[in-house]
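Student: Hi! I have a protein open on my screen and I'd like to talk it through. Can you help me read it?

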Amino acid sequence: MAQAMDRPPISLLATDGKPHPLQDTLVAVTLILGAVAFVTAFFHNLHLLSSWTGLIGIVTGAYGQFISATTRERFALIIGLGAAGIGFFLGMAHGGLFGGWLG
């Protein structure tokens with residue numbers, strides 16, 4: 001019974017019982033950036049926000065996939081990557097990363 005009390009706290013996204021703070025942080029950042037990019041992509045005047053948050057969300061999600069350790073992390077990262085990708089591409093279609101500021 002003493003062994004059960006000595007276990008470290010289990011992470012919400014870790015199915016192997018080990019903590020993954022970096023991976024969990026990347027999952028949260030990717031989901032937040034993906035949600036912001038997805039929502040703002042439906043407004044033409046917010047294309048700068050949607051394209052930049054989408055691009056950063058894609059980069060953080062890709063790195064998170066590269067170092068992910070569990071299936072739950074990979075599943076959440078794919079959801080965030082999809083939302084960030086949609087936001088990025090719609091933001092690019094509405095005006096791009098610089099929106100006419102260059103050229």
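Student: How many of the 103 residues count as buried, as a percentage?
Tutor: Of the 103 residues, 38% count as buried. Keep in mind that this is a predicted model.

Student: OK, what is the secondary structure made of?
Tutor: There are 4 helices and 0 strands. Along the sequence, that reads α-α-α-α.

Student: Where is the confidence lowest, and where is it highest?
Tutor: Helix α1, residues 2-5, is lowest with a mean pLDDT of 57. Helix α2, residues 21-40, is highest at 97. The protein averages 88, and 83% of the residues score at least 70. Where pLDDT is low, the predicted coordinates should not be read in detail.

Student: Let's zoom in on Ser 51. Which helix is that in?
Tutor: Ser 51 lies in helix α3, which covers residues 47-67.

Student: And is Ser 51 buried or exposed?
Tutor: Ser 51 is buried: its relative accessible area is 0%, and the cut-off for buried is under 20%.

Student: What does its side chain reach?
Tutor: The side chain of Ser 51 reaches the backbone oxygen of Gly 96, at 3.2 Å.

Student: Which other residues is Ser 51 in contact with, leaving aside neighbours within four places in sequence?
Tutor: Besides Gly 96, the contacts of Ser 51 are Gly 87, Phe 88, Gly 91, Met 92 and Leu 97.

Student: Back to the whole of α3. Which of its residues are buried?
Tutor: Among them are His 47, Ser 50, Ser 51, Gly 54, Gly 57, Gly 61, Gly 64 and Ile 67. The buried residues of α3 pack against α2 and α4, the latter being residues 71-94.

Student: How far apart are the end C-alpha atoms of α3, and what span should it have?
Tutor: They are 30 Å apart. With 21 residues at 1.5 Å a residue, α3 should span 30 Å, so the two agree.

Student: New topic! What does UniProt list as "transmembrane region"?
Tutor: The UniProt record, an unreviewed entry, lists residues 25-43, 49-68 and 75-102. In the model, residues 25-43 are 84% helix and 0% strand, with end C-alpha atoms 28 Å apart. For residues 49-68, the chain is 95% helix and 0% strand, and the end C-alpha atoms are 27 Å apart.

Note on methods: Residues are numbered from 1 along each chain as its sequence is written. This is a predicted model: local features need pLDDT of at least 70, side-chain atom pairs count only at pLDDT 80 or more; totals for chains, interfaces and linings use all residues. Side-chain values use heavy atoms; hydrogens and water are left out. pLDDT is the predictor's confidence in each residue, from 0 to 100. Helices (H or I, at least four residues) and strands (E, at least two) are DSSP runs, numbered from the N terminus. Buried means under 20% relative accessible area, exposed over 50%, partly exposed in between (1.4 Å probe, protein chains only). A polar contact is a pair of N or O atoms within 3.5 Å; within protein, one must be able to donate a hydrogen and the other to accept it, and residues adjacent in sequence count only if both atoms are side-chain atoms. Contact means heavy atoms within 4.5 Å. The expected span of a helix is 1.5 Å times one less than its number of residues. UniProt positions are given in the numbering used here, feature names are shortened, and annotations may be inferred rather than shown by experiment.
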